[in-house]
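Me: I am new to this structure and would like to go through it with you. Could you show it to me, and then take my questions one by one?

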Amino acid sequence: MSLLLAVGLGGCGDPCERLSAGVCAGGDADYCKAVDAWLATRLVDPTTKEPLDGSARDQMCSAIYDNVEMFYAYQFKAKQKILGEPDFILASQKKAKEEAEAYEEATKKIQQGEDAEESPGGANMSD
């Protein structure tokens, strides 16, 4: 019974408070205050650029909270803007970067090896 009550109450409350708490996701009090302030700058009318209020604000908060992709995008963007966490690197970009670094390292080793081997000449391999 208590599980059903807890699940049923998950949708209750102010939609913007739920959104803020979700975006804050276990952060400390200072971070949660910063999330509230940041969300206030994001919840604006697209044409007038004025802050949303009343039912329009509640509708926007509900739409963001109820859409998994939008919700995670807001969580990610808040961490990026407030905490300064860097953009993510796509796996394909990471692999290319690692390959380029490995190539540079191999090139340095080859150059170091050539500098160390200053022989007067090599064997004549044409025979």
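Predicted model: local features only at pLDDT ≥ 70, side-chain atom pairs only at ≥ 80, totals over all residues.

Me: Thanks! Does Cys16 count as buried or exposed?
Reply: Residues are numbered from 1 along each chain as its sequence is written, and side-chain values use heavy atoms, with hydrogens and water left out. Buried means under 20% relative accessible area, exposed over 50%, and partly exposed in between, with a 1.4 Å probe and protein chains only. Cys16 has a relative accessibility of 7%, so this residue counts as buried.

Me: Which helix holds Cys16?
Reply: Helices here are DSSP runs of H or I with at least four residues, numbered from the N terminus. By that numbering, Cys16 is found in helix 2.

Me: Which residues does Cys16 touch, leaving out those up to four places away in sequence?
Reply: Contact means heavy atoms within 4.5 Å. With those sequence neighbours set aside, Cys16 touches Leu43, Arg57, Asp58 and Cys61.

Me: Which cysteine forms a disulfide with Cys16?
Reply: A disulfide is a pair of cysteine sulfur atoms within 2.5 Å, and by this rule the count comes to two disulfides. In one of them, the sulfur atom of Cys16 lies 2.0 Å from that of its partner. This pair links distant parts of the chain, helix 2 and helix 4, across 45 residues. The partner of Cys16 is Cys61.

Me: Is the disulfide of Cys16 and Cys61 right-handed or left-handed?
Reply: Look at the torsion about the S-S bond. For Cys16 and Cys61 this torsion is about 95°, so the disulfide is right-handed.

Me: How far apart are the sulfur atoms of Cys24 and Cys32?
Reply: Cys24 and Cys32 are also joined by a disulfide. With -55° about the S-S bond, their link is left-handed. Cys24 is buried at a relative accessible area of 4%, while Cys32 counts as partly exposed at 22%. The distance from S to S is 1.7 Å.

Me: What pattern do the disulfides of the protein follow?
Reply: Count the bonded cysteines along the chain. The pattern is 1-4, 2-3.

Me: How many of the residues of helix 2 are buried?
Reply: Helix 2 is mostly covered. What covers its buried residues includes helix 3, helix 4 and helix 5. Among the buried residues are Pro15, Arg18 and Gly22.

Me: Where do the buried residues of helix 4 lie around the helix?
Reply: The buried residues of helix 4 are Cys61, Ser62 and Ile64. Taking directions from the helix axis to the C-beta atoms, they fall within an arc of 165°, so they line one face of the helix. On the other side, Ser55, Gln59 and Asp66 are exposed. What covers the buried residues includes helix 2 and helix 5, and the buried residues themselves lie on one face of helix 4.

Me: Which residues touch the most other members of the largest nonpolar core?
Reply: A nonpolar core is a set of buried Ala, Val, Leu, Ile, Met, Phe, Trp, Tyr and Cys residues joined through side-chain atoms within 4.5 Å. In soluble globular proteins, nonpolar side chains tend to be buried together. The largest such core has 14 residues, and those touching the most other members are Leu19, Val23, Leu39, Leu43 and Tyr74.

Me: Which residues does Val23 touch, not counting those up to four places away in sequence?
Reply: Val23 is buried in helix 2. Beyond its sequence neighbours, Val23 touches Tyr31, Val35, Phe71, Tyr74, Gln75 and Ala78.

Me: What is the phi of Ala25, roughly?
Reply: Ala25 lies in the loop between helix 2 and helix 3 and counts as partly exposed at 46% relative accessibility. Although Ala25 is not a glycine, its phi is positive, at about 40°.

Me: Is Lys49 buried or exposed?
Reply: Lys49 is found in the loop between helix 3 and helix 4. Its phi is positive too, about 65°, although Lys49 is not a glycine. With a relative accessible area of 57%, Lys49 is exposed.

How values were computed:
Helix = DSSP H or I, 4+ residues; strand = E, 2+ residues; numbered from the N terminus.
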